[in-house]
Amino acid sequence: MVKPSRSYRVFQGVNGVILTLVVVVTLYPFLNIIARSFSGERQIRAGEVTLWPQGFNLTTYKIVFQDSMFWRNYGNTVLYTVVATAVAMVLTTCYAYVLSKKHLRGRSTLVGIAVFTMFFTGGLIPNYVLITSLGIKNSVWAIALPNAISVFNLLVMKAFFESLPSELEEAAQIDGLSTYGILLKIVLPLSKAVVATMVLFYSVSFWNSWFSAFLYMDRTDLMPVTVYLRNLIQGATGGSNAGAGTEQLSQVGANIQAVTIVLTALPILCVYPFVQRYFVSGVMLGAVKG
Amino acid sequence: MQNKGQLSRRQILAAAGFIGLATLTGCGSGEDGGDSKDLSKKQNGAMKEYRAGQQFKAAKPLSFSLLHNNNPVYPTKSDWLFWKEVTKRTGITLKPVDVPLADYEKKRSVLIGAGDAPFLIPKTYHPSEVAFVSSGAILPVSEYVHLMPNFRAKVEKWKLEPELDSIRQSDGKYYLLPGLHEKAKSGYSLSFRTDILEKHGLSLPTTWDEVYDVLKALKQEYPDKYPWTDRWSGNTPFPCGALFSYLGQAYGVKSGWTYTNVTFDSKAKKFVFNGATDSYRQMIEYLRKLVAEKLLDPESFTQQDDQALQKLLAEKSYVISANPQVLVQEYRYNLQKQVKGSKIEMVPVPLGPAGPVILGGTRLENGIMISSKALESDTFVAMMQFVDWLWYSDEGQVFCKWGVEGVTYTESGGKYRLKPGISLMGSDPDAPKDLQKNYGFFNGVFTYGGSWTLVSSNFSPDEQKFQDAMTQRSELPIDPAHPLQSVEQEQATLWDTPLRDHVTQNTLKFVLGKRPLSEWDDYVTELKAKNMDQLVDLHNKAYERFKKENG
């Protein structure tokens, strides 16, 4: 192996320092939030909390955990995320696979239909009227169906499928596989990378989304946890803080934001490390060839 | 994450377009509703003889949908005693559509725009109902108040007719059933660290001149501190909204949170531009003096509430704006934990050149809109009677506020006491139950306004003292009705916002000394260039027209 030149090593060193700084800057808010979520109210108000919890206590966690509505809404979030991601994956994969076939007549029209929705939407009220008339308000479908196909994801997937050698599929055809057989037995097993990436993209966006649930759900017990937390934060910091005053609630007011952010972000953060190896190769593959 | 749900410009445009469309179609269908006055077929479940002071009981079980603001402090529960007791007493079942408080207005707009709104839409603050008027989606309730004896009785008894006039639209009708107050309730004033004042032999000020003297004396004792730092600058186009509002009141002008571009000059009997009046200028001069002599922290106008609170708690300053709730819950509670022997008190709003007055128009509260669809239902009359009983009758108001006698409260001689084991807003930290959370009473959707006895029945000692002093003052006359027609309204909105922005910006520039007050005339010229005179003319024209048409 060639010994790296002096200037290259200097470059490496400087690079390392700069990147470390970037890491610190990116991580600091997260660590600060976690520290705040475990800190006492007085210390937060006095601005003493930086990286380590001050005046350690768990009151806010207890209050949030004791609320049965929190768990109910958390369950809703899991349900909505799973169902919506499943629906989205099936539809996006089918659509993308079809579009990747160059011999398909009317292909550009089909692409055009999808891309059109990237630039134009019906708007809030027409969408609401549509969902209501379809009778899927107050159900998981109101969340899953309107967002089932994200055009960006569709195009990435299409590019990935196009990059697969068509000889593979021809060979499978000669061996007697049907169209669906090819998709299920040949193409999809070869596309784990992009599938994993898409699952991640979809599930993160469904996990974090709150607006469609807020719009289409009329009962508190149907809301996802994001709406619950949003309302809690507003209530604790807004002017109408009519319930504070006791020691407990004033503690809640001080670090509620931190606790809720930790609780919502944690599960989805845990998913990342497992999917990441697919994630990098998946997006790159589609992007380069497409 | 927060921004994700904000409406994009495109969505707003689309929504606006749709509302516009709905307007066109709505007008058409509104005209031929000839039988809308004939209520004889809409008597289903109604009481034949329903009078003020009488218990409303529907002739048969009915249910009405209701937009319900879900407050995170007391999240909606379906087993609240409130829901059951309403049904027991009136035979009406309320069907709430829960909307998180954080985005109540947004969902309300969508529901009304989509024609899917519940019959009852409470928690609406004037003038947000105006946006829906032209679409025909909400009911001109003034046409139907004859069904509401308690409402009318209170309007008459408390002489609220001028207030109601102020929310009338250009067709002479109003579209919102506002909350009614017997007396104006003041909210905000200055609070002082009384232990510090005592230490230096100072007493609580009663006029703004005395406020200046006290601050000056504090400055001499603590030369490196700003004696006064202020709050309520976030989430508002007018920073220090509370301070400007009650200081303006002492000068007889609407400012801060209560700022409006046009205001009625009762001497000249016409509307004038608020931000260009002499009184407004005097108010600015006063604040400029405080900032120039480093008595008022200039960061007051930009900082978040938390920062102001931290300065108070860290004893970097001793004076801050307050309302009775934050005085107790945020200042006194935290100060006692952090500063030994600290005391803090709120003073009645100091007096200024305008004398002992309070701004008019505060006797109306947020209120209820009613969906036009309700009128098509055969239960319309029963619904109006029900609304009248629940929101406007004495019994209904006591019920909404305190609950069921013997179960949640006891009453003797006009004093309401919660039953042991029930707490309200932290009144008894050890109580296992909470009036709002566990029983659903004292809910902001149903509880507001009413007689002074009822309104003051839950005042803390601090608030009682403050309100007692404030109710002695006389109310400034409110602006006479001058509703704009919809074309005028559009024009006015175009002029209104730039003018308001210019006033706000320059108010701050003058106060902070970034612009000398000698440039006041230039400032007025700039306002003229932004159509100040045209805006005032428009309102004066509307005022004359309304006077002619409605006497």
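Is Cys240(B) buried or exposed? Cys240(B) counts as buried, at 0% relative accessibility. Buried means under 20% relative accessible area, exposed over 50% and partly exposed in between, with a 1.4 Å probe and protein chains only.

This is a predicted model, in which local features need pLDDT of at least 70, side-chain atom pairs count only at pLDDT 80 or more, and totals for chains, interfaces and linings use all residues. Residues are numbered from 1 along each chain as its sequence is written, chains are lettered from A and ligands numbered from 1 in the order in which they are written, and side-chain values use heavy atoms, with hydrogens and water left out.

**View 1. Cys240(B) and its loop.**
Cys240(B) lies in the loop between helix H8 (208-221) and helix H9 (241-250) of chain B. Helices (H or I, at least four residues) and strands (E, at least two) are DSSP runs, numbered from the N terminus. Cys240(B) is not a glycine, yet its phi is positive, about 50 degrees. Most residues other than glycine have a negative phi.

**View 2. Lys159(B), another positive phi.**
Lys159(B) sits in the loop between helix H5 (149-157) and helix H6 (161-165) of chain B. Its phi is positive, about 55 degrees, although Lys159(B) is not a glycine. Lys159(B) is exposed, with a relative accessible area of 63%.

**View 3. A cis peptide bond at Pro127(B).**
The bond from His126(B) to Pro127(B) is cis. Its omega is near 5 degrees. Most peptide bonds are trans. Pro127(B) belongs to the loop between strand E3 (120-124) and helix H4 (130-133) of chain B.

**View 4. Domain 2 of chain B against domain 3 of chain B.**
Chain B is assigned domain 1 (33-184 + 363-401), domain 2 (189-358) and domain 3 (486-550). Such bounds come from an automatic or database domain assignment. Taken over C-alpha atoms, the centres of domain 2 of chain B and domain 3 of chain B are 26 Å apart. In this contact (heavy atoms within 4.5 Å), 26 residues of domain 2 of chain B meet 22 residues of domain 3 of chain B. The two domains bury about 2200 Å² between them, with 74% on carbon and sulfur atoms. Buried area is the accessible area (1.4 Å probe) that two parts lose on being put together, summed over both.

A salt bridge is a side-chain nitrogen of Lys or Arg within 4 Å of a carboxyl oxygen of Asp or Glu. On the side of domain 2 of chain B that touches domain 3 of chain B, strand E6 (262-265), strand E7 (270-273) and helix H10 (278-292) of chain B each supply at least two residues. H10(B) gives the most to that side, with seven residues.

**View 5. The two domains of chain A.**
Chain A is divided into domain 1 (1-57) and domain 2 (62-289). Nine residues from domain 1 of chain A and eight residues from domain 2 of chain A make the contact. About 760 Å² is buried between these domains, and carbon and sulfur atoms give 64% of it. In domain 1 of chain A, Ile33(A), Ser37(A) and Glu41(A) lose the most area to domain 2 of chain A. Together they account for 55% of what that side buries. Here too the rule finds zero salt bridges. Helix H1 (6-37) and helix H2 (41-45) of chain A each supply at least two residues of the side of domain 1 of chain A that touches domain 2 of chain A. H1(A) gives the most to that side, with four residues.
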